[in-house]
Each structure stands twice: as structure tokens, then as C-alpha cells.
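The following note concerns the cavities of the model and one of its chain interfaces. Please read the points alongside the coordinates.

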Amino acid sequence: METMGADALPLTVNSSEKRESVCVFGTGDFGKSLGFKMLQCGYAVVFGSRNPQVSSLLPRGAEVLSYSEGASKSDVIILAMRREHYDCLAELADHLSGKILVDVSNNRKINQYPESNAEYLAQLVPGARVVKAFNTISAWALQSGTLDASRQVFVCGDDSKAKQRVMDIARTLGLTPLDQGSLVAAKEIENYPLKLFPMWRLPFYMSSVLCVFFFVYCVIREVIYPYVNGKTDSTFRLAVSIPNRVFPVTALTLLALVYLPGVLAAVLQLYRGTKYRRFPNWLDHWMLCRKQLGLVALGFAFLHAIYTLVIPIRYYVRWRLRNGTITQALANKDSPFSTSAAWISDSYLALGILGFFLFLLLGITSLPSVSNMVNWREFRFVQSKLGYLTLVLCTAHTLVYGGKRFLSPGILRWNLPSAYILALIIPCTVLVMKFILVLPCIDKTLTRIRQGWERNSQPSKSALNGKPDI
Amino acid sequence: METMGADALPLTVNSSEKRESVCVFGTGDFGKSLGFKMLQCGYAVVFGSRNPQVSSLLPRGAEVLSYSEGASKSDVIILAMRREHYDCLAELADHLSGKILVDVSNNRKINQYPESNAEYLAQLVPGARVVKAFNTISAWALQSGTLDASRQVFVCGDDSKAKQRVMDIARTLGLTPLDQGSLVAAKEIENYPLKLFPMWRLPFYMSSVLCVFFFVYCVIREVIYPYVNGKTDSTFRLAVSIPNRVFPVTALTLLALVYLPGVLAAVLQLYRGTKYRRFPNWLDHWMLCRKQLGLVALGFAFLHAIYTLVIPIRYYVRWRLRNGTITQALANKDSPFSTSAAWISDSYLALGILGFFLFLLLGITSLPSVSNMVNWREFRFVQSKLGYLTLVLCTAHTLVYGGKRFLSPGILRWNLPSAYILALIIPCTVLVMKFILVLPCIDKTLTRIRQGWERNSQPSKSALNGKPDI
Amino acid sequence: METMGADALPLTVNSSEKRESVCVFGTGDFGKSLGFKMLQCGYAVVFGSRNPQVSSLLPRGAEVLSYSEGASKSDVIILAMRREHYDCLAELADHLSGKILVDVSNNRKINQYPESNAEYLAQLVPGARVVKAFNTISAWALQSGTLDASRQVFVCGDDSKAKQRVMDIARTLGLTPLDQGSLVAAKEIENYPLKLFPMWRLPFYMSSVLCVFFFVYCVIREVIYPYVNGKTDSTFRLAVSIPNRVFPVTALTLLALVYLPGVLAAVLQLYRGTKYRRFPNWLDHWMLCRKQLGLVALGFAFLHAIYTLVIPIRYYVRWRLRNGTITQALANKDSPFSTSAAWISDSYLALGILGFFLFLLLGITSLPSVSNMVNWREFRFVQSKLGYLTLVLCTAHTLVYGGKRFLSPGILRWNLPSAYILALIIPCTVLVMKFILVLPCIDKTLTRIRQGWERNSQPSKSALNGKPDI
């Protein structure tokens with residue numbers, strides 16, 4: 001997919017015009033890679049080193065000078081060095097005054113220092129214009145030209161012209177600069193590459209808890225219970241049968257948990273009579289990671305689908321089928337065709353397939369490149385209307401699965417109902433609440449609140465203000 | 001996935017340089033959200049309000065002034081108000097002269113007013129430079145930082161410098177501005193967020209019609225016919241058996257309809273002897289939504305695949321299998337292995353799987369982020385060569401499915417052939433036409449026409465012109 | 001998905017300001033399309049033609065002049081003509097001096113001429129500032145507004161201001177300009193649209209060789225051997241049974257080949273004691289197309305999954321099942337349930353499903369739009385940790401598949417073991433080597449080498465240099 005490798009980008013040698021020059025302090029891996037890339041993209045690159053004569057292995061076409069000499073050659077200086085070595089820059093303060101210093105450093109831990117490296121640098125060299133950038137880019141990716149991971153360069157700084165210069169350089173290197181505001185944002189930018197899927201943490205914990213709970217629950221019902229009651233060895237169920245109960249149950253619960261916060265938020269807004277009060281933090285966080293929650297649910301639904309499709313290949317199933325047929329043949333018994341059993345079996349499957357199909361559609365539209373192509377109305381249509389339809393279909397799939405034996409006392413083991421009955425609690429609650437919320441009388445109030453109306457506001461104010469929300 | 005939430009973007013407080021300032025007229029939801037976001041991104045934000053003293057709940061750090069005072073503070077004024085309140089701006093014409101007025105308004109219906117809001121505004125305040133922008137962005141998304149739906153900001157205006165200023169602001173807010181030309185484009189931009197999948201409408205109608213037709217057709221053949229002729233209750237077939245006939249038939253027909261317009265266009269070009277005449281409108285529109293048509297077909301093919309894979313789990317199938325075995329066992333009949341039956345069954349399955357696999361590949365390459373990575377030659381290779389191969393495989397899959405009973409009179413019911421025979425009509429037509437079109441003699445003429453040659457043109461002209469198409 | 005068709009972009013007619021003007025030389029297809037698009041986006045477009053009076057069919061609003069007149073109207077001239085006609089530009093050298101000449105030409109073959117068209121143009125008209133651009137855009141796509149394939153415009157040139165002007169035009173047309181450096185890059189840019197999946201070539205060859213080899217191998221074992229030894233006709237196995245052996249075996253081998261170069265590189269670095277020596281070219285190339293290799297492996301794994309899921313539908317399998325049951329019923333033999341067989345069958349399936357699921361996740365994260373949203377640490381986590389887990393699961397899946405009959409002499413046919421045993425060689429080798437590499441003592445040395453430490457370097461140097469890599 002990579003269109004042009006590193007080798008494809010030739011050095012600008014015979015350029016008639018004067019090339020823009022950039023200085024890189026530090027000849028470590030990152031400095032070299034960045035310098036090489038900038039050379040390829042037509043910049044004149046000067047390396048600044050404490051010991052210029054021993055610095056080897058630098059890209060062809062680059063000069064190596066001392067720090068002070070290097071600084072004098074360019075007004076953009078990229079500091080490819082660790083924070084621990086910044087103190088030597090204080091001595092160069094005169095040479096660095098007025099220069100654009102680009103801090104590319106990262107730390108080893110989140111919030112390792114009280115202030116961000118870039119702010120620390122700004123204090124050390126007060127005369128310079130410090131810009132934070134490039135810390136999210138990997139040296140290896142720059143070298144090899146395979147920027148499969150993020151091309152995003154978060155840029156921040158207090159001087160907007162300096163920031164603009166650095167963003168132009170990033171753009172020339174084929175990267176995507178994103179302005180993050182003033183230097184105060186540097187802390188967040190430095191923490192960013194140390195994070196590991198922060199938005200996925202809550203969904204991951206939720207699904208782990210659900211998975212473990214339902215797994216233990218099913219093991220008790222289907223492995224321990226038969227062993228205690230009949231000395232039957234059902235351990236082989238651990239591999240496929242029990243996961244194929246845990247996965248759908250977890251998927252359905254998680255899918256309901258995607259729509260629960262929206263319903264809770266609506267109830268809260270109705271209760272408060274205004275939308276201008278912040279939701280509690282936990283609700284806010286929950287709402288922000290609904291997409292991730294939904295994708296985890298989709299993963300479980302997918303596993304459930306495949307686990308179900310392999311059923312006829314399993315030794316246990318084949319054995320039971322064969323033995324059942326033989327027993328029946330030997331007994332010469334007739335098993336008449338039951339239309340209602342066929343209806344239940346088929347509609348159970350059809351509901352599941354359609355629900356899964358819509359769920360997949362939801363997943364595909366949440367791909368960044370797809371969701372970026374739709375307008376707001378289309379996005380809401382898919383994520384809200386189609387989403388609720390998916391929840392309805394999947395809940396119906398589970399209800400029909402229960403069929404006639406639903407809540408019949410025969411399936412209780414140690415008074416524990418089947419896992420799928422537990423799985424229905426949250427989805428049914430969400431659907432009932434949603435149904436109440438879309439009743440015309442309640443929906444009308446909610447819509448008014450969401451358009452800015454407040455139950456307890458002074459009537460004068462909104463009349464005076466005269467600008468309804470748009 | 002969201003890298004930095006709203007909270008991560010600190011206010012620029014200690015900035016040494018003078019910050020650029022923006023004025024927002026109107027303190028509704030959208031105005032507040034946009035103002036807050038701009039504050040975060042380092043702008044000085046001034047709100048203009050009819051009643052500055054009663055406007056509350058505004059973001060910290062923002063000033064609230066009267067309209068005229070606000071206007072004097074900045075040369076960019078964002079009008080976060082409804083079109084219905086624009087008339088009050090006419091009184092402020094003196095204060096607004098020379099300013100950049102950003103119209104962010106939307107309407108409630110497509111083409112609600114004879115002229116676009118932005119053009120109306122330009123007439124009201126002739127001295128101002130009106131730019132249309134930001135109307136596709138949702139207030140809620142700006143607030144929460146989850147711009148999962150479009151980050152695209154369509155911008156238009158008659159003054160290119162003003163447009164550039166607004167596009168810079170959009171870029172700073174992390175959005176993607178797209179220049180749409182002069183202010184005449186505002187109408188289209190205002191209609192855009194009101195549209196619901198415009199390119200999907202034709203494919204949706206086509207597939208609905210096909211689906212309903214084939215569903216009724218199959219119900220007649222497989223539910224009503226056995227009921228009338230033998231009083232058999234086959235209603236349970238409505239859930240799985242009949243959908244699993246309707247879906248593949250619809251999928252194959254839609255896939256053929258993806259390639260039919262291309263073939264028709266080629267025939268039309270051959271007939272006319274030139275490519276410089278426009279196709280009829282219906283053909284144009286059909287060609288533009290081929291991608292959507294193909295994706296709908298893929299959806300049906302996917303449903304067909306899963307419906308087929310669950311076959312062995314169905315009660316009806318298991319019952320029939322068991323009964324068949326028992327009958328045979330009791331009769332002590334031998335059923336010899338038929339190599340030709342095995343060949344037909346296996347090649348039918350293999351063709352279907354390979355066709356579906358290629359179809360999925362086509363679907364994946366039509367994802368915006370994937371198709372954006374390939375060059376034009378690669379895109380044509382995938383969508384044309386692989387596309388036709390898919391059509392050939394899926395048609396062959398259907399033909400082999402028919403196997404020996406193809407067109408045998410025994411399968412006619414009330415003189416209606418099986419649905420899959422109807423499904424073969426369009427694909428076979430397309431393949432035969434395509435086969436004729438790629439015959440060397442015809443292909444040569446077509447290629448010449450597509451390179452700009454015209455059958456009836458004066459021979460002098462192209463010789464004089466001397467610039468072949470590239 | 002296309003937001004606004006060509007018709008939506010109105011001409012800028014009543015613009016008060018002076019529009020920027022662009023001249024297009026050549027009235028072929030591409031020239032017309034580009035000119036029309038620029039008119040729509042608000043440029044004043046002048047066509048230059050050798051015979052202005054006979055050039056017809058040009059977009060409304062455009063002027064047609066002679067070359068020299070056209071050139072005098074604008075300082076940006078787009079040369080929509082073939083390289084073969086460039087010589088006529090030499091005569092116009094005076095009129096073109098100082099102008100920005102945009103070379104949009106493509107060739108018919110890779111490296112058709114010794115120098116790139118753009119460099120040839122720069123020699124012909126030394127006074128002009130030549131910029132290469134737009135050659136990757138298709139005329140048809142510009143006309144129809146469906147830029148589904150690449151919107152990327154590679155731009156190169158020796159004059160950075162001229163390059164900037166052209167990049168601005170590209171941006172205004174809704175395209176994505178990418179600066180590729182000086183005019184030397186033109187050769188690469190001209191070759192780009194002629195390439196057909198260059199990064200996929202090695203994976204394609206590797207998988208073809210593996211596929212053909214294993215196919216022939218399986219045909220010998222499963223079709224020719226039974227025919228020679230027992231005159232049994234097993235040809236029907238060619239359609240499903242044998243592909244379903246070839247696909248998983250190829251998928252597993254390819255997946256192992258994704259991780260083999262990383263392991264080899266680590267061994268090489270350990271052996272050399274430095275990371276500052278280039279890998280051999282074959283290893284470099286192999287490492288760069290690992291993603292493509294993995295995606296091809298995923299394709300085969302997907303086919304294996306579906307081929308496995310259709311097993312119970314196959315005539316052969318149903319026939320065998322029925323016959324087995326009948327034989328058993330007639331013999332009145334009991335087949336006791338074997339817990340160990342159930343365990344092997346179920347864990348084999350579970351391992352396969354989980355491996356396939358993780359493999360799919362890897363594939364999804366390699367979608368450009370997804371991988372662009374994750375940071376470097378997350379990308380490495382997914383591609384390395386999850387990748388190895390996938391390899392472990394898939395290898396275990398194959399090992400358990402063998403079960404007890406693994407290497408038992410009974411399954412040798414003509415001394416050939418089953419194909420899956422061959423498939424285990426490379427994965428097991430990779431896993432053993434990786435296991436050795438992550439042993440603490442070896443991992444420590446490797447980490448130090450990767451941080452820039454060199455075994456044979458002068459100790460003084462790194463001490464003096466004092467800048468560890470970051």
C-alpha cells in the first residue's frame with residue numbers, strides 16, 4: 001500500500017533556490033531518522049552535537065557542527081535529546097534566543113515529572129519559542145517509510161507563528177499536524193504515546209467481569225451440577241458448549257449497556273428539567289466509550305455466530321445425532337414432524353442472523369473512514385435507529401431461544417435459571433425504558449429540554465434573549 | 001479512539017502574543033459550543049448578544065457584549081442564530097461593513113426558502129463578506145469532543161481571503177474544511193445535512209422491489225402451491241427457507257445490475273460513435289450509484305451465506321435427515337455413493353465460496369480509506385476485472401445449483417419455474433454482452449472512441465488539433 | 001457517499017474580486033476535465049490550443065486562445081499534452097519564461113524514457129519553473145465527481161513557491177497534495193500510476209508457490225494414491241476436500257512467514273552486535289511487505305473457515321454419515337461416548353475459532369483508517385503481542401487437529417506425511433526462535449542493541465557523544 005518508499009525520495013541537490021534549513025540537536029536514532037527524512041524532503045539539515053568530530057553514521061548531505069554553530073545556521077532547532085540533557089541548553093541561552101525550539105521528547109511513564117518536558121524547556125530557555133511536536137512519531141517508521149501507525153503529529157506552543165512553521169515542516173514530511181493549543185497541552189501530548197487504548201479500558205473491564213461471572217455460573221450449572229447429581233463427566237463442555245453460552249449472553253448484555261447510558265441521561269434530563277447541568281462523571285465517561293462497548297459486544301456476537309455454526313461438526317453433536325437415530329430406528333418409533341418446533345427453530349435462527357447482520361453494519365459504519373463520509377443525520381440514523389432495531393432483534397432472538405421452556409421450573413438447577421434468562425434482564429429494562437421515553441407526551445418534553453428549554457428558568461430570560469438554539 | 005477529549009485542551013492563558021479574536025453572535029447551544037471550542041484552541045472569543053447582561057452559562061474566559069460592541073472587537077463574526085433573526089443584522093450594517101460574516105445556519109426542510117440563508121444574509125448586509133461554513137457540525141459533537149461523524153466543513157463564499165480565514169479557523173479546531181466555491185454553493189451546503197443517504201436511495205428501491213417480488217413468487221410456489229395441492233402446512237418455510245431463496249436471487253440480480261449500466265454505456269458509445277455526448281440522466285445516475293448497488297448486493301450475499309451455513313442446525317433439516325436414515329435402515333436399502341452427485345454438490349459449494357470471497361474483497365476495497373490508498377490502475381483492476389470474475393463465479397454457482405433438474409418440467413409449479421432460473425436472466429445477459437464487447441474487433445473500436453476518436457467528425461479537425469487525449 | 005456531485009459546484013459568476021487565472025495547454029480529455037473542475041472551483045480558466053478556432057466542446061466560461069496568448073494570461077500553465085508534443089514548447093520559451101509549468105503527463109510503460117517527462121520539460125524550457133502534479137488523477141473521475149480511487153496528488157519540483165501554488169490549486173479542487181521533494185522525484189511519480197500492487201507481488205508469489213505445491217502434494221496423497229492402490233475414484237475431492245487442506249496449510253505457513261523476518265533480523269542484530277548495519281535487501285523487502293503477507297494469510301484462513309463450515313452440507317459427508325448410522329443400526333453395535341474424543345474435537349474447534357478471531361482483529365487494525373487512529377504503542381501491541389498469540393493459537397489448532405494420529409506410521413502414504421505436518425515446520429521454528437529471543441539474558445542484549453549500543457564500538461565515543469537514542 002505504501003506508495004513510495006524511503007529510497008524513492010531523492011535528495012534535492014541541484015535546486016536553484018535557497019533551501020530552508022533546519023537544525024537537529026542530538027545524533028541519536030530519532031535525530032538521525034528525522035534529519036534523514038527532512039533531507040529527503042528538501043530541507044538543508046545541520047546536526048548540532050556536543051562532539052561534532054566523533055558523530056558518525058549521519059545521513060549523507062548533512063553537516064555536523066557544535067551546538068552553538070548549529071544554532072546559528074537555522075531558526076528552527078529540533079531537540080532530539082532526552083529531558084535529562086536539557087540543562088546543557090541553559091548555557092546556550094544566548095544562541096537560542098528567538099529561535100524555535102522543537103521539543104520531541106517522550107517520557108517513560110505517564111506524569112513522570114511535575115511539569116511537561118516542553119514547559120520545563122521553556123523555563124530553561126525563556127528567550128526561545130518552544131513548540132512541542134513529533135513525539136508520537138516512531139524513528140523506525142520514519143526510516144522505513146512505513147508509517148502504518150499514526151501519521152498524526154500533535155503540535156502545541158504559545159507562539160502561533162512558531163507553531164505554524166513546525167506544522168508546515170510536518171506537512172512537508174507527509175505527516176498530519178494537529179494544533180492542540182498552547183504549551184499547557186504538552187503534558188497531555190507527552191502522555192499520549194504512553195497510553196494503551198484508554199477508551200477501551202472500561203469496555204474491557206465490563207466485558208471481563210461479565211464473561212467471568214457467566215462462565216463460572218455456567219460451569220456450576222452444566223459441569224458441577226451433573227457431576228454432583230449423576231457423576232457425569234461433562235468437562236468437555238468447557239471448550240465449546242459453555243463459551244457458546246457465555247459469549248451470546250455477554251454480547252447481549254454489553255449491547256444493552258451501550259444504550260443504557262443514553263436512556264439514563266434522558267431520565268436525568270427529564271428529572272432535572274434542564275440540559276444545562278453536567279452529567280455525573282461516571283455517566284459522562286460511559287457515554288464516551290459507547291462505541292468501544294458496542295465493538296466489544298460485536299466481537300462476542302461474532303464468536304457466538306462461529307461457535308454456533310460449527311455445532312454440526314462437533315464429535316459430541318454427531319455422536320448424539322447418530323445414537324438418537326439408531327435408538328429410534330431400533331425402537332421403530334415414529335417421530336412426527338412438529339410445525340411449531342420448526343417455526344421456533346427457524347425464527348430463532350432468522351432473528352439471530354438478522355440481528356447479527358445489523359450489528360455488523362453498525363460496526364462497519366463506526367470505522368473512522370466510513371463514519372467520516374456520512375453527515376450527522378445519517379450517523380444518528382444508523383447509530384440510533386438501526387442500533388435499537390439490532391437490540392430488539394437480538395433480544396427477540398434470545399426470547400424465542402427460550403421458547404416454551406422459558407421459566408419452566410424443570411430447567412432450574414440448584415434454583416439457578418439458565419444464563420440466557422439473566423442475559424435478558426438489562427436488554428428488556430432498556431427497551432421498556434426507551435419505549436416509555438418515546439411515548440408522545442414524554443418525548444415532547446424531552447425534545448423541548450434538549451432544544452434548550454428549562455423547566456425552572458425565569459420566563460423573562462429566554463424571551464429577552466430571543467435566540468433559540470440551533 | 002478519541003485521542004484527546006475536550007478537557008485535554010487547555011485554555012491559552014499566559015500566551016505572550018496577541019491572540020486572534022473571533023466574535024460569536026448568539027448564545028444558543030451551537031454558539032456556546034463553538035465559542036468554547038475556539039477558546040480551547042487559543043482564540044479570544046467575544047459573544048455578541050441582544051441582552052448581554054442576561055446571557056449566562058457561557059464558557060469561562062469569554063466576554064459578552066452587545067452586538068455592536070462585539071462586532072467592533074473582531075473582523076470575523078460567527079452568526080449562531082436562526083435565519084428568522086437575520087433582519088436585526090440589517091440595523092447593524094454599519095458595524096458589519098467589511099467584516100467576515102460566517103453563516104452557520106441550517107434549515108428544517110430541503111429547499112425551505114427560495115434562496116439560501118447565506119445569500120439572503122449577503123443581500124441584507126451588502127457591505128460584509130459572507131462565508132458559509134460549520135453547518136454540518138453538531139453542537140453536541142463539538143462539546144463532547146467525539147466527532148465520530150463527519151469532521152468535514154464545507155465552506156463557500158465569494159471572497160477568497162475571507163474564505164481562507166474561515167478555513168484556517170476550521171483547521172485549527174481539528175476539522176477538515178473543504179472549499180466548495182462561491183456563495184451560490186450555499187444552497188447545496190445547507191441541504192446537505194438534511195439529506196439521508198441520497199446515493200443509497202436507488203439501490204434501496206431496486207433491492208426492495210426485487211426482494212418483495214421474489215418473496216411473493218416463492219411464497220406462491222412453496223407455501224400456497226403445496227397447501228392448495230396437498231393441504232400441507234409449509235408456513236414455517238417463511239422464516240428461513242424462503243429468505244434463503246430470495247436473498248441469493250436478489251444478490252445475484254443486483255450484482256448483475258452493477259455491471260449492466262457499464263455495458264449499456266459501451267453499447268451507446270458504439271452506436272453513437274462518440275463519447276462526447278452525455279448519457280441519458282437515468283444511466284448517469286445509475287452509473288454513479290453502482291458502488292452502493294454492489295454493497296447492497298454484498299449484504300444479501302452475506303445473509304445468504306449465513307442462512308446456508310445454519311442449514312444443518314435447523315430442526316426441519318435434522319428431522320428430515322433422521323427420518324430418511326431410519327426409513328432407509330428399516331427398509332435395509334443400500335444407497336450407493338454417486339461420484340457425480342458429490343462433484344455437483346462440492347463444485348456448487350466451492351464456486352459459491354470463492355464468489356463470495358471475491359465479493360467481500362470488492363467490498364473491502366470500496367472502503368474509503370482503502371480505495372484512497374490504491375492508484376487508478378489498481379482500482380480499475382479490482383473493480384472491473386475482479387468484479388466480472390465475481391459475477392462469473394456467482395452465475396456459475398447458480399447454474400451448477402440447478403444441476404440436472406435445470407428446466408426439467410418436473411419442477412414447474414403452476415408453470416412457474418424456480419426462482420433461481422429467473423435470477424439467471426440478467427447476469428447471463430450481462431455476461432454475454434460483455435463477452436461480445438471484448439471481442440477484438442469491437443473492443444478496438446470502443447477503445448478508439450474512448451480515446452476521443454469520433455466516427456462522424458471532420459477528419460481535418462483531429463489532425464489539426466494534434467493533441468490526443470491523455 | 002459522494003457528498004456533492006459535479007453539478008452541485010456552481011460557477012463563480014458574480015464574484016466581486018478578481019479570480020485567480022490558470023491556463024491549460026491542450027484540449028484533450030484530461031485538459032477539458034481539469035479545466036471544467038477548476039472553473040467550478042472558481043478559477044478563471046484559459047485554454048491554449050494550437051488551433052484555437054477549431055477546438056470545440058470546451059466547458060462554458062472558458063476562453064480558447066493560441067499558446068502564446070494563453071500563456072500571457074496566467075502564470076500557472078497546465079500542460080495537458082503528451083510528452084511527444086513538448087518540442088513545440090521550446091519555440092514558446094520566451095512566453096513561458098518565469099511561468100509555472102505543471103507537467104501532468106504519464107507514460108505507457110514504466111521507465112519508458114531515460115529521464116522523466118518533467119525533467120525533459122525543464123531542459124526544454126530552462127526559464128520556466130516546472131512542477132510535476134496531477135498525473136495520478138483520472139479524467140473520468142474529475143468529470144463525474146466520483147473520486148473513489150485516490151485523491152492523492154503527488155507534487156514535486158525544484159521551486160518551492162511554484163510547488164506551493166500548485167498544491168494550493170490541488171487543495172481547492174478537493175484533492176490531497178503530497179509534497180515529494182525536488183524534480184528528481186518525478187520519475188517515481190510518473191511510474192506510480194503504472195504500478196499494479198507492487199507491495200503485493202512478493203506475498204502473491206509466495207502464496208502461489210505454497211498453494212501449488214500443497215495442492216499437488218495433496219492430489220498425490222488423496223487422489224492418485226487411492227486410485228493406484230484401490231482403483232477408487234476420489235476426483236470429487238478436488239473441489240472442496242483438497243482446497244480445505246491447502247488453504248489452512250498455506251495460511252499457517254504465510255502467517256509464520258510474517259513473523260520469520262522479524263526473528264531473523266533480531267538474530268542478525270545479535271550476531272553483528274549492532275543495529276547500524278543495513279539488513280540484506282531481501283530481508284528489507286520481506287519486512288516491508290509483512291502486512292500484505294499477513295492479509296493474504298488472512299484471506300486463506302477465511303476461505304478455510306467457510307470451507308470447514310459447509311462440511312455438514314456436502315453430499316459426501318451426509319452420505320457417509322447416513323451410511324455409517326445405518327451400518328451401525330443394522331449391526332446393532334453400540335458406540336460409547338468418548339470424553340477424550342469430545343475434548344480433542346472441541347478444543348481443536350475452539351482454538352481455531354479464537355485464532356481466526358484474533359487474526360480478523362489484526363486484519364481490521366491494519367485498515368488504513370483504523371491504524372491511523374492508534375498510537376505507536378497500541379499499534380505495536382496489536383501487531384506484535386496479538387500477532388504472536390494468533391500464531392500460537394493457530395499452531396496449537398493444527399497440533400490438536402493431528403491429535404493422536406500425529407506421526408503414526410499408519411497415515412504415511414508413499415512415505416508422504418499429511419500436509420498439516422509440513423505446515424507445522426515453519427510456525428514451530430518461528431515460535432521456538434522467538435521463545436529463545438525473549439529469554440531474559442538474550443532479550444536484554446537485544447534491547448541494548450536496539451537502543452543504539454554497539455558491541456565493538458570504541459567505549460569513548462558513546463560516552464563522549466552523551467546523547468542516548470530516544
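1. The largest cavity is lined by Pro312, Val317, Arg318 and Leu321 of chain A, by Pro312, Val317, Arg318 and Leu321 of chain B, and by Pro312, Val317, Arg318 and Leu321 of chain C. A cavity here is a set of points, on a 1 Å grid over the protein atoms alone, where a 1.4 Å probe fits but cannot get out; lining residues have an atom within 4 Å of a point.

2. This is a predicted model, in which local features need pLDDT of at least 70 and side-chain atom pairs count only at pLDDT 80 or more, while totals for chains, interfaces and linings use all residues. Residues are numbered from 1 along each chain as its sequence is written, chains are lettered from A in the order in which they are written, and side-chain values use heavy atoms, without hydrogens and water.

3. The volume of the largest cavity is about 190 Å³, a volume being the space filled by probe spheres set on grid points joined across faces, edges and corners. At least two lining residues come from each of α13 of chain A, α13 (315-331) of chain B and α13 (315-331) of chain C. The lining comprises nine nonpolar, no polar and three charged residues; Ala, Val, Leu, Ile, Met, Phe, Trp, Tyr, Cys and Pro count as nonpolar, Asp, Glu, Lys and Arg as charged, and the others, Gly among them, as polar.

4. The second largest cavity has a volume of about 130 Å³. Arg318, Leu321, Arg322 and Thr325 of chains A, B and C line this cavity. Its lining has three nonpolar, three polar and six charged residues. In total, the structure holds nine cavities of 30 Å³ or more.

5. Between chain A and chain C, 81 residues of chain A are in contact with 73 residues of chain C (heavy atoms within 4.5 Å). The buried area is about 7300 Å², with 66% from carbon and sulfur atoms; this is the accessible area (1.4 Å probe) that the two parts lose on being put together, summed over both.

6. How many salt bridges are counted between chain A and chain C? The count is one, a salt bridge being a side-chain nitrogen of Lys or Arg within 4 Å of a carboxyl oxygen of Asp or Glu. Arg314(A) and Asp346(C) form a salt bridge, with their closest N and O atoms 2.8 Å apart.

Terms used:
1 Å grid on protein atoms, 1.4 Å probe; cavity = no way out; pocket = protein on both sides within 12 Å on 5 of 7 lines; lining within 4 Å. Helix = DSSP H or I, 4+ residues; strand = E, 2+ residues; numbered from the N terminus.
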